[in-house]
Amino acid sequence: MDLEAPADAWYVWLGVVLVSIAFAGVALSFPSEPAPDATQAANTVDDVATSSFNASGTYDHDADEVYLGLRQIAMRNDGGTDQATVAFGTMTPVRAHPDDPEKGLNITRGVDPAVVFDDPGEMEDFAEEVHDELEDGVEWRPANGELRVKRINWGDESVLFVDA
């Protein structure tokens, strides 16, 4: 009894085609890029937050959108979503300010806080307005490719500004 199929039989070629299509489908189902690393972003925030002096840090990322809460960071792109929790400090995501996020953006870009705010109390008021805004819920925002963190200790006030 002969159990081998001849190589020119139509059902052999049909089987090869079906297996090839199955392998191609599996290969194409994988994401084209890895998910962004929210843990590294949280570590950058923690590194700056633990400083007892004015400090700043940046982290380049490949996220398309970011979610910045008071203690949570989430990032997503076509490769997936990743999230992490900040261990130290409370973040002030400057783009969440209801009226004038530009003040906080200037701080994360390196402008002296004395140029942006009249006094430390005004800086603290800015942070409180952001925190109050986030109590209503945090939204995903388009990412700009760089997480910028700036800790400002001014007078008796200390604020951790974050932008991504």
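User: In this predicted model, which strands and helix each supply at least two residues of the lining of the largest pocket?

Analyst: Strand S2 (65-68), strand S8 (157-163) and helix H5 (120-135) each contribute at least two residues to that lining. The lining comprises 14 residues, and the pocket has a volume of about 210 Å³.

User: Which residues lie nearest the centre of the largest pocket, and how do the residues of its lining divide into nonpolar, polar and charged?

Analyst: Nearest the centre are Arg95, Ala96, Leu134, Glu139 and Arg141. The lining as a whole holds eight nonpolar residues, five charged and one polar. Of the residues nearest the centre, Arg95, Glu139 and Arg141 count as charged because Arg and Glu belong to that class, whereas Ala96 and Leu134 count as nonpolar.

User: Why is valine 162 called buried?

Analyst: Buried means under 20% relative accessible area. Valine 162, in strand S8, has a relative accessibility of 1% and therefore counts as buried.

User: Why is leucine 14 called partly exposed?

Analyst: The term covers values between the 20% limit for buried and the 50% limit for exposed. Leucine 14, found in helix H1 (residues 10-29), has a relative accessible area of 42%, so it is partly exposed.

User: Which residues form a nonpolar patch on the surface with Leu14?

Analyst: Trp10, Tyr11, Val17, Leu18 and Ile21 form the patch together with Leu14, with about 670 Å² of accessible area together.

User: What distance separates the C-alpha atoms of valine 162 and tryptophan 10?

Analyst: These C-alpha atoms are 64 Å apart, and the two residues are separated by 152 residues along the chain.

Terms used
Residues are numbered from 1 along each chain as its sequence is written. This is a predicted model: local features need pLDDT of at least 70, side-chain atom pairs count only at pLDDT 80 or more; totals for chains, interfaces and linings use all residues. Side-chain values use heavy atoms; hydrogens and water are left out. On a 1 Å grid over the protein atoms alone, a cavity is a set of points where a 1.4 Å probe fits but cannot get out, and a pocket is an open set with protein on both sides within 12 Å along at least five of seven lines; lining residues have an atom within 4 Å of a point. Grid points are joined across faces, edges and corners, and a volume is the space filled by probe spheres set on the points. Helices (H or I, at least four residues) and strands (E, at least two) are DSSP runs, numbered from the N terminus. Patches are made of residues with over 30% relative accessible area and no salt bridge: like charges are joined within 9 Å, nonpolar side chains (Val, Leu, Ile, Met, Phe, Trp, Tyr) within 5 Å. Accessible areas come from the Shrake-Rupley method with a 1.4 Å probe; for residues, only the protein chains shown count as cover. A salt bridge is a side-chain nitrogen of Lys or Arg within 4 Å of a carboxyl oxygen of Asp or Glu. Buried means under 20% relative accessible area, exposed over 50%, partly exposed in between (1.4 Å probe, protein chains only).
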